[in-house]
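This briefing sets out selected structural features of a protein chain, grouped by topic. Please read it alongside the sequence and the coordinates shown here.

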Amino acid sequence: MIAIYARQSVDKKDSISIESQIGFCMKEISSEKYKIYSDKGYSGSNINRPAFEEMIRDIKIGIIEKVVVYKLDRISRSLLDFAQIIECFNKYKVEFISQTEKFDTTTSMGRAMLSIVMVFAQLERETIQQRVKDNYYQRGKVGLYLGGIAPFGFNKVQTYLNGKKTYMFERDEEKSEIVGQIYSMYAEESKSLGGIARFLNSRKLKTNKGHNWTATALGRLIRNPVYVKANADVYLYLKSKGAVINNDISDFIGENGCYVYGERQSITTSKFTDLTNNFVTIAPHKGIISPELWLKCQYIADENKHLKNSGRGKNSWLSGLIKCGYCGYAVTVVKSREFIYVNCGGRKSGFCMEGKG
């Protein structure tokens, strides 16, 4: 049986549709029996696609003898993945036909030409990725919105900046008051992040994603310069943390918040904790927190990050594997003297009254 494979990642005017691809592939088939496998909305950067995986399973059980595609990059845009796919085809004696490029994989010259074309297909993919990345960084540099939901305390509103349609943050009066209270509790009342989380959860307050508050979520909020009325002192602090600042210090006049964008230095590091080689731009929205209060919180957080956390995975192989049956949050394992306790993260944050070890 012949397999016709079609893939379309994004439905755009200049992209060939699944139906059109199948139509072209049908030209390679006469009266033979065939089966259509199609993946719509899946990238060619990897092979994790349901219809493609089904086709590979059918090849391995011996019901497919030929695979027809409209174009090579419909199978894969990754040279490594494509090499493995061709190796699989060869192993199970499956003929491969690209309707557009007309390759014969039964000859050494055909296989060589196939590899050359795939090198250029991967180069095209990597060029597109770099172009998207460059555009992202350029948008951030001029203060354009970079996507995602608005941080707690703000709403997202449409606007125009330098003639371009974009979004900016607008203060939410009710939630911004809570943000101010969070900063004050942390700096002025010496409340721990866990204590603040319990306070917020006891009042049934949720994050902007509708989740319960945790110490981790509050830590990100405290660290985020989107809230600060950034002045020269904030500029110097962010610069001392390794940030690359797009604006001159004279732009930090104590009114607007800041955008931070770039790559995280480590998967174990919070987005705003290590700003090395990350970029900071003055945002178009007004800040909520005074620079003095914001910086005071940063200095407290800088001291606290050195404190040892004894509840992480070294005490039990169960850490990271089990969750509380009541609230669904992960548990931590804490060793105290000769006893080991399993503690619910939700209970620690004040919204689970059942999960205790």
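In the residue classes used here, Ala, Val, Leu, Ile, Met, Phe, Trp, Tyr, Cys and Pro count as nonpolar, Asp, Glu, Lys and Arg as charged, and the others, Gly among them, as polar. On that basis, the lining of the second largest pocket comprises 19 nonpolar, ten polar and four charged residues. The model is predicted.

**Second largest pocket**

- The volume of the second largest pocket is about 940 Å³.
- Its lining consists of 33 residues, and those nearest the centre of the pocket are Ile 149, Pro 151, Arg 220, Asn 224 and Phe 272.
- Two elements, helix 8 (215-223) and strand 8 (256-261), each give two or more residues to this lining.

**Largest cavity**

- One cavity of 30 Å³ or more is counted in the model.
- The largest cavity holds about 50 Å³ of space.
- Arg 223, Pro 225, Tyr 237, Leu 238, Lys 241, Phe 272, Thr 273, Leu 275, Trp 294 and Gln 298 line the largest cavity.
- Helix 9 (232-240) and helix 10 (291-304) are the elements that contribute two or more residues to that lining.
- Six nonpolar, two polar and two charged residues make up the lining of the largest cavity.

- Strand 3 (residues 66-69) and strand 4 run parallel and are joined by four bridges; within strand 4, Ser 98 stands opposite Val 69.

- Gln 99 belongs to the loop between strand 4 and helix 5 (108-141).
- Gln 99 counts as buried because its relative accessibility is 11%, where the cut-off for buried is under 20%.
- Apart from neighbours within four places in sequence, the contacts of Gln 99 are Phe 24, Cys 25, Lys 27, Glu 28, Val 69 and Tyr 70.
- One of these contacts, Val 69, is the residue that stands opposite Ser 98 in strand 4.

- Strand 7 runs parallel to strand 9 (residues 279-286), and two bridges join them.
- Along this pairing, Val 244 has Phe 279 as its bridge partner in strand 9, and Ile 245 stands opposite Val 280 in strand 9.
- Strand 8 and strand 9 run antiparallel and are joined by five bridges; the bridge partner of Asn 256 in strand 9 is Lys 286.
- Strand 8 also gives two or more residues to the lining of the second largest pocket.

**Loop residues with positive phi**

- Ser 190 is not a glycine, yet its phi is positive, at about 55°.
- Ser 190 is located in the loop between helix 6 (173-187) and helix 7 (193-202), and it counts as exposed because its relative accessibility is 62%.
- Lys 204, likewise a residue other than glycine, has a positive phi near 60°.
- The loop between helix 7 and helix 8 contains Lys 204, which is exposed, with a relative accessible area of 69%.

Terms used: Residues are numbered from 1 along each chain as its sequence is written. This is a predicted model: local features need pLDDT of at least 70, side-chain atom pairs count only at pLDDT 80 or more; totals for chains, interfaces and linings use all residues. Side-chain values use heavy atoms; hydrogens and water are left out. On a 1 Å grid over the protein atoms alone, a cavity is a set of points where a 1.4 Å probe fits but cannot get out, and a pocket is an open set with protein on both sides within 12 Å along at least five of seven lines; lining residues have an atom within 4 Å of a point. Grid points are joined across faces, edges and corners, and a volume is the space filled by probe spheres set on the points. Buried means under 20% relative accessible area, exposed over 50%, partly exposed in between (1.4 Å probe, protein chains only). Two strands pair if DSSP finds at least two bridges between them. Contact means heavy atoms within 4.5 Å.
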